[in-house]
Amino acid sequence: MTSSLAALAAACCLLLPALSLAQTQTPAIAHGAAEAATPAATAHEAPHEKLSPSMRPLSPPVRVNHPPRRLPQQAAPYARPAVRHPQTHAPARRQPAMAAPLRAAAALGNRLLPRGQHGDKSPRLTVLACADGAPRHGAQGALYLVQNPGNQLLLGEAGVSHAVRQLRTPLLLVLASADCKAVNTARSDFSALPLAEQRTLLSINVDKGGTPLSAQLDNLDNQVEAAVLHYGGEVEAGRLSVIGAYYDAAGQLGKRGQLVVTSINGERDKATIARLLRQRAVFNAATGIGTPLASSTH
C-alpha cells in the first residue's frame with residue numbers, strides 16, 4: 001500500500017511539467033490557426049502594430065504654410081539707384097592759394113600794367129624773391145617767379161634774363177620780406193656754416209649787427225641797383241621797369257600786410273615814387289640810380 005502511494009506520487013510529479021507545457025503551446029497554435037484562417041484581416045492592420053516601437057517608420061511630414069513676411073520699406077535715397085549723367089568735360093582743378101607777398105606783387109603788376117597793354121600769352125611780371133619769403137607753389141598765371149636765398153640777382157640771373165629778354169616781361173619786381181632767412185643770417189657771423197652756404201651768403205652785402213629790417217631794405221636796394229645796371233638798355237628804352245618792394249607783414253613801415261614800394265628804376269624818393277605809382281608812369285622814370293626825376297623827361 002505504501003509502495004503504491006509512493007509510485008503514484010512519483011508519476012504525478014512527472015506529469016505536471018508536461019501538462020503545463022501543453023497549456024502554454026495550445027493558445028499559440030490556436031492563434032496561428034486563427035491568423036491562417038483570416039489572412040484578409042491581418043492585411044488591414046497598421047504596420048506599427050506588428051513592429052516594436054524602435055522599428056516603426058517615421059510619420060510623413062506635416063505641410064505648414066507660412067505667410068510671406070513683409071520687409072520694412074527702404075529709405076528713398078537707397079530705394080532707387082541714382083542716375084549718373086555723363087560728364088561733357090573734366091572738372092577744373094583748383095589752383096593752390098597764392099602766398100600773401102605774391103598776391104600783393106600780382107596786384108601791383110595788374111595796377112601798373114592793366115590787361116591788354118601786354119600780350120596775354122607771356123607773363124607781365126617777373127618777381128625775384130627769396131626762397132623763404134615767397135613759397136614757390138604760389139607762382140602761376142601772368143607772374144614769373146625766380147627764387148633763391150636772399151632774392152639775389154647774381155644767383156637768379158639766368159631765370160630773370162630769360163623772362164626779361166626772351167619772354168619780354170615789362171616789369172621786374174625785386175621782392176623782400178622779413179621771412180628771408182638768408183639776409184638775417186648774412187648780418188651775423190656765418191663762418192661755422194658749410195662752405196657752399198657761405199659762398200651763397202657772401203654776395204649779400206649788409207651791415208653786421210644791424211636790425212633785421214635795415215638788413216632787408218639794404219639788400220633790397222642793392223639788388224635793385226644791380227638789376228638796373230644789368231638791364232640798363234631795356235630800362236632806358238622803356239621796355240622794362242625795375243621796382244623794389246618790401247612786404248610789410250608786421251606793419252613796421254605802415255599798414256600791416258601792405259606791399260611798400262621802395263624804389264623804381266633806382267629812384268628812392270617817397271614822394272616821387274608815390275606820384276609815379278599814382279600816374280602809372282614807371283617806364284623810363286629815371287635816368288640813373290638815385291638821380292632826381294626833376295631833370296629827366298617823362
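Strand 4 (residues 241-248) is largely enclosed by the rest of the structure, because eight of its eight residues are buried. The model is a predicted one. Burial holds on either side of strand 4. Ser 241, Ile 243, Ala 245 and Tyr 247 point one way. Val 242, Gly 244, Tyr 246 and Asp 248 point the other way. In a regular strand, side chains alternate between the two faces of the sheet.

Strand 4 has pairing partners in strand 3 and strand 5. With strand 3 (residues 171-177), the pairing is parallel and runs over seven bridges. Here Val 242 of strand 4 is the bridge partner of Leu 172. With strand 5 (residues 258-264), the pairing is antiparallel and runs over six bridges. Ala 245 stands opposite Val 261 of strand 5.

Charged side chains were examined next. Side chains of opposite charge can pair when their charged atoms come close. A search of the whole structure returned one salt bridge. It joins the side chains of Arg 165 and Glu 234, with an N to O distance of 3.0 Å. The pair links distant parts of the chain, 69 residues apart. Arg 165 lies in helix 6 (residues 157-166), and Glu 234 lies in helix 10 (residues 232-236).

How values were computed:
Residues are numbered from 1 along each chain as its sequence is written. This is a predicted model: local features need pLDDT of at least 70, side-chain atom pairs count only at pLDDT 80 or more; totals for chains, interfaces and linings use all residues. Side-chain values use heavy atoms; hydrogens and water are left out. A salt bridge is a side-chain nitrogen of Lys or Arg within 4 Å of a carboxyl oxygen of Asp or Glu. Helices (H or I, at least four residues) and strands (E, at least two) are DSSP runs, numbered from the N terminus. Buried means under 20% relative accessible area, exposed over 50%, partly exposed in between (1.4 Å probe, protein chains only). Two strands pair if DSSP finds at least two bridges between them.
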